[in-house]
Amino acid sequence: MSKILVADDEPFYLKTTGELLRNAGYECECVTDAEAAIVALERESFDLILSDLNMPGNFKLELLRESRRRHAQIPLIVITGVPSLPTAIESVRLGITDYLLKPVKVDDLLASVGRALAEAPQAPGPVSGDSAKRSAKFAELIGDSPPMQDLLEIIERVAETNTNVLLTGESGTGKEVVARAIHRTSLRNQHPFQVIDCTAIPESLFESVLFGHAKGSFTGAVQDQVGLLSQCHRGTAFLDELGELPAGSQAKLLRAIQEQTFTPVGQRTPIQVDTRFIGATNRDLQAEVDAGRFRGDLFYRLAVIHIELPPLRERGEDVSLLAKRFLEELMPVNRSLDGFTDAALDCLRQYAWPGNIRELRNVVERAVALARGQQIDVDDLPKQLREQASHSGQTPPPLAEISREEAIDSAEHSYLTAVMQKHEGNIAAAARQAGLSRQGMNKLLKRHAINADDYRHQR
Ligand SMILES: Nc1ncnc2c1ncn2[C@@H]1O[C@H](COP(=O)(O)OP(=O)(O)OP(=O)(O)O)[C@@H](O)[C@H]1O
C-alpha cells in the first residue's frame, strides 16, 4: 500500500484530504507544518509527499528544499491556495511532480496522486547543473547566454510536470519553439501537440472549432466535426496569441481547462480529455487582467508556471551564435560562405532586434541571397540595421531631457517598427493588431518614415 505524507496547516483541509486518501486505499500521515514533515521524512519512508506551500516553517520553501535535497526520489505534489509565480518557478526548479491550486477537485487530486505514484521511478531529482547536457537535450533552442541557460533549466523541470504553463515574451522570442520543446521532452510526447491560434478562430465558431459539433447542429454543419481539443487528448494544447481571445471565448475556454471536459455543439454527452495547456502571448497578461480585459481566473489557471522569454537584445553573444547557426542552416548547396565579417557581426550585435529571433533569421536568409563576397558584410544587411549601426556611437538623450512629445513619438516609432517586423510588412495585419484602420496605419507609417517594403524584403 502506498504511503503518503500530507502537510497542511488548515485542519479542515488536512482532515478531509487524509480521509479521502485513506478511502482511496492509501496509507496516510498528516502533519501541520514543515518542520513536522521534515521530521516524519527522516523517521520513515513515504511514496509521495503532498504539501501546502504557505504554512508555518515553510516560508522559504524549507520543506520543498529539504525534501528535494535528501529525498529526491519521493515524488512531491505542491498544493497552494495562493499562487505566486516566483514560488511556482522555484518549485518546478526543485523538481516537483505536480502543482495544484486550491480548491482542488477530488477527482483532480486522486488523478494527480495516481499519476505521481505510477511515474515514481522516473520522478525528477534535483537539477543536475549540467548545462552542456541540457543544451544537447534542447538542441532546437540555440543559446548559451545566462538568461537562456536559466530558461532551459526551467523548461526541463516544467516538462517533467503536468502543470499548465504561460509563456510570455516579445514577438519572435521563441514561445512556440519552447512550447514544442516542453511537449517533446514531456511524458505526453507520444500524443499530439495541437496549435490553437486564438486569433484565427472567430468568436462565433470558437466552441465548434475547439469542442467539435454534430451534423446539423447549425447551418453549415454538414457533417460531424471533431474539435481540436479531442485531437490532443493526452497531449498538449498550445494556445497561441492567447491575449487576443475575446471575452466570450475566454469563458468557454476556462470551463474546458478547469473541468477537462466539454460538450460538442449539438450534443449532450460531455467529452472528458486529459490535456496540458500551454498559453502564449506577447501582451503583458497581468496588466490585461488588471485592466479588466482578460479574465483573472483564466490567467491563474494557465499561469501556474509563468515563463517570460528574454528578448534577443538581452541575450548578449547569442546573437552571433544564432546568426552563425542560421547561416549554416540556410547555406545554399551550390555555394559556400565563410561566415560574417567582423563589421557585420558588430552590426548584428548593436541592433535592438524588435522582431527578435524571427527577424534575425530573416536577416540572415536575405543576406545569404544577396552576398556577393566570400563573407556576409555590412552591405548585405538591411537598411534599418546599417542605420542603427551608424548611429550607435551617439547615445540617445536621457528620457528626462526630452519633451513629452518626443518621448511619445520615439515610443510610437519603436512600436510601429515592431509590428511591421512581426507582420513582415503586411499593413492590414499590422493595422488590425494596433486597432487602427488601414488608412490610419498608412498615415502613421508615413509620418514616421517607415517603409513597409523594407520589412517585406526580408521574407
Ligand atoms: N532559441 C532559439 N533557437 C533557434 N531558433 C529559434 C529560437 N527561438 C526561436 N527560434 C526561431 O525563431 C522563429 C520565431 O520563433 P517562434 O515562432 O517560436 O516565436 P514566438 O515567440 O512564438 O513568436 P510570435 O509571438 O510572433 O508568435 C522561428 O523560426 C523559430 O524556429
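Reader: Why is Asp 52 called buried?

Author: In this predicted model, Asp 52 has 25 C-beta neighbours inside 10 Å, and a residue is buried if 20 or more other C-beta atoms lie within 10 Å of its own, exposed if 12 or fewer, and partly exposed in between, with C-beta atoms placed from the backbone; Asp 52 therefore counts as buried. Local features need pLDDT of at least 70, side-chain atom pairs count only at pLDDT 80 or more, and totals for chains, interfaces and linings use all residues. Residues are numbered from 1 along each chain as its sequence is written.

Reader: Which residues is Asp 52 in contact with, leaving aside its neighbours within four places in sequence?

Author: They are Ala 7, Asp 8, Asp 9, Ile 79 and Thr 80, where contact means that the C-beta atoms of two residues, placed from the backbone, lie within 7 Å. Asp 52 itself lies in strand E3 (residues 48–52), a strand being a DSSP run of E with at least two residues, numbered from the N terminus.

Reader: What makes E6 and E14 a pair of strands?

Author: Two strands pair if DSSP finds at least two bridges between them, and 4 bridges join strand E6 (residues 165–168) to E14, so the two are paired, and they run parallel. In one of these strands, E14, Ile 307 is the bridge partner of Leu 167.

Reader: Why is one side of strand E7 and of strand E14 left without a neighbour in the sheet?

Author: The open sheet has 5 strands in the order E7-E10-E13-E6-E14, with parallel pairing. Strand E7 (193–197) and strand E14 (305–308) stand at its edges, each with a single partner strand, so one side of each has no neighbour there.
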